[in-house]
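Please read it alongside the sequence and the coordinates.

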Amino acid sequence: MITTLIYPIFSFIEKTLVITEFELRKLRHDFTELITRALQPALWMVIFGQVFAHSGVMHTGNIPYLDFIAPGILAQSVLFVAIFYGINVIWERDLGIVQKFLASPAPRAALVLGKGFSAGTRGLSQALIIYGLSLLLGVKLNWSPLALLNVMVTVMLAATLFSTFSLIIACIVKTRERFMGVGQVLTMPLFFASNAIYPTAIMPAWLRTISHLNPLTYVVDALRTFMLAGSVSSFGLGRDYAVILLTTIFLVIVGARMYPRLAT
Amino acid sequence: MSDSVLDIKALTRRFGTFTAVDALTLSVDAGKVFGLLGSNGAGKTTTIKMLTTLLPPTSGEAFVAGCSILTQTVGVRRAIGYVPQAVSVDGSLTGYENLLIFAKLYDLPHREQQKRIREALEFMGLSGDGGRLVGEYSGGMVRRLEIAQSTLHRPRVLFLDEPTVGLDPIARDAVWKHLMNLKASYGTTLFFTTHYLEEVDSYCDRIAIMHLGKMTALGTSRELKDSLGVGAPTLNDVFIHYAGTNLDSGGSFHDVTSERATAQRLG
């Protein structure tokens, strides 16, 4: 009885990690992507961040503005890495790779979650870059091992969440051209309707309401709490984790149901 | 007397009002080579997609290695290998890694994985190339790697959708030599689609010809030629007779683009 229950779970985790492993192997063969990805967060922190910190127009309480946006920029670059995962999936569909995976006995949800985790590891490389930039720019970081671990978990989950969201869109639109359009249309509102680069307190009421429905807001809140020394969560970490985790699970289930549509 | 490993009963697939496959019924014996012919858009790929559980049929039923494609999809997937028409190995991984990922996904025992991969590379004439990135392979090598990948778990039925499209004659011969070895060594049943009639003549035990979703002929190459009667009909004559001469029947823009893209990547 117990083995019949445990085996599928064990097998599911194993297959998920197999997919992740091979995504990472691809990255090892060609890691120029990781380097080019470092550019965008650097621009946001060094230019955008410096200018607004200097102008003093953003009121971020007792936290300096540059400190305030460091976690926001991390969340943003995780979002950007993850949201274009759909392109990758469509590419694999235009080749026959998706079809071949779908004709294998591996559980669909494992194929989807494995991709999500690999987005997560790319997200971790972004975290490394942001930490480096933060050090250079004098952001006061919280270096406790527990806080660092929580940052890693949050980044992994956030990347899984948004890459799975992206995969679902890919399953609907199916072509690269349409995906590029939809991807742009979704990414910017997700980013701007969040607390990534300004506090929700300065938003008009309607936008604040939307931002509270945006999972990115909770990702940023969790990251800000864990990353910065002396920062307090706006929503409570329990709520942050609950929103992120439940959304991720929901999206993976939906993604697993939609993924076979790519083969047709 | 061999058992049938593939039983298709009135298999039908509609897309809206268009019937891509219309009540297809046939069976294939274990260890045989079966060729499915037809012009572009005749329903060959749709048939293969249904048999590999990628596309649910609108009606009808099929059993692959004793498992129903409707209710026992995981059983079907364990029993089959599938080489899609498009290139299905990952160019940014090495040949070895492409095989390793499938060895793991198909639950090959850990002790056996390395041995099987080595054997598969050797079997497909790729022993020296396992460590190279697939992006550097030639078209024929890519196809052989795909076949190696799809047969690591020793499937009972191997589905191949136009396995030799876009390959030069030498590469085509090499692919077929390896496929026939596979059949001889492991008793694998081959079910494939193709446009190349001479392949069908040389390698197929039986042939079916499809036209606009319907099966219009079924038999050995000899039987089909004889069915035309007088003269000395070639398989070309048979094809024209059963698959129709309508030049405009063939395939959507999407089908044609993806086929050409495949040919380009392999060539």
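## Conventions

This is a predicted model, in which local features need pLDDT of at least 70, side-chain atom pairs count only at pLDDT 80 or more, and totals for chains, interfaces and linings use all residues. Residues are numbered from 1 along each chain as its sequence is written, while chains are lettered from A and ligands numbered from 1 in the order in which they are written.

## Chain A: overall form

Chain A contains 12 helices and 0 strands; helices (H or I, at least four residues) and strands (E, at least two) are DSSP runs, numbered from the N terminus. With a radius of gyration of 19 Å, close to the 18 Å that the globule rule gives for 264 residues, chain A is as compact as a globular protein of that length. The radius is taken over C-alpha atoms, and the globule rule is 2.2 Å times the number of residues to the power 0.38. The C-alpha trace of chain A spans about 55 × 45 × 40 Å along its principal axes.

Of the 264 residues in chain A, 46% are buried. A residue counts as buried if 20 or more other C-beta atoms lie within 10 Å of its own, exposed if 12 or fewer, and partly exposed in between, with C-beta atoms placed from the backbone. Among contacts in chain A between residues at least 6 apart in sequence, 82% join residues at least 24 apart. Two residues are in contact if their C-beta atoms, placed from the backbone, lie within 7 Å.

Helix α4(A), residues 65-83, has 19 residues and reaches 26 Å from its first C-alpha to its last, close to the 27 Å expected at 1.5 Å a residue. The expected span is 1.5 Å times one less than the number of residues. In α4(A), 18 of the 19 residues are buried.

A:A53 belongs to helix α3 (residues 39-55) of chain A. A:A53 has 19 other C-beta atoms within 10 Å and is therefore partly exposed. Apart from neighbours within four places in sequence, A:A53 is in contact with A:P64, A:Y65 and A:L66. A:A53 and A:F68 are 15 residues apart in sequence, and their C-alpha atoms are 9.7 Å apart in space.

## The largest nonpolar core

The largest nonpolar core has 149 residues, of which A:A75, A:A158, B:V64 and B:F159 touch the most other members. Such a core is a set of buried Ala, Val, Leu, Ile, Met, Phe, Trp, Tyr and Cys residues joined through C-beta atoms within 7 Å. Helix α8 (residues 145-173) of chain A gives the most to this core, 14 residues. Leaving aside neighbours within four places in sequence, the contacts of A:A75 are A:A158, A:A196, A:L216, A:V219, A:V220 and A:L223.

## Chain B: the six-stranded sheet

In chain B, 6 strands form an open sheet of mixed pairing, in the order β6-β7-β8-β3-β9-β10. Two strands pair if DSSP finds at least two bridges between them. The edge strands are β6 (80-83) and β10 (214-219) of chain B, each pairing on one side only.

β6(B) runs parallel to strand β7 (residues 157-161) of chain B, and 4 bridges join them. B:I80 stands opposite B:V157, and B:V83 has B:L160 as its bridge partner. From β6(B), B:I80 and B:Y82 point one way and B:G81 and B:V83 the other, and all are buried.

## Chain B: the four-stranded sheet

A second open sheet in chain B has 4 strands in the order β2-β1-β4-β5, with antiparallel pairing. At its edges stand β2 (18-29) and β5 (67-68) of chain B, each with a single partner strand, so one side of each is left without a neighbour in the sheet. Strand β1 (residues 4-15) of chain B is joined to β2(B) by 8 bridges, and the two run antiparallel. B:F15 stands opposite B:F18 in β2(B).

## Contact between the chains

The contact takes 20 residues from chain A and 25 residues from chain B. On the side of chain A that touches chain B, α1 (2-29) and α6 (97-102) of chain A each supply at least two residues. The largest share of that side, 6 residues, comes from α1(A).
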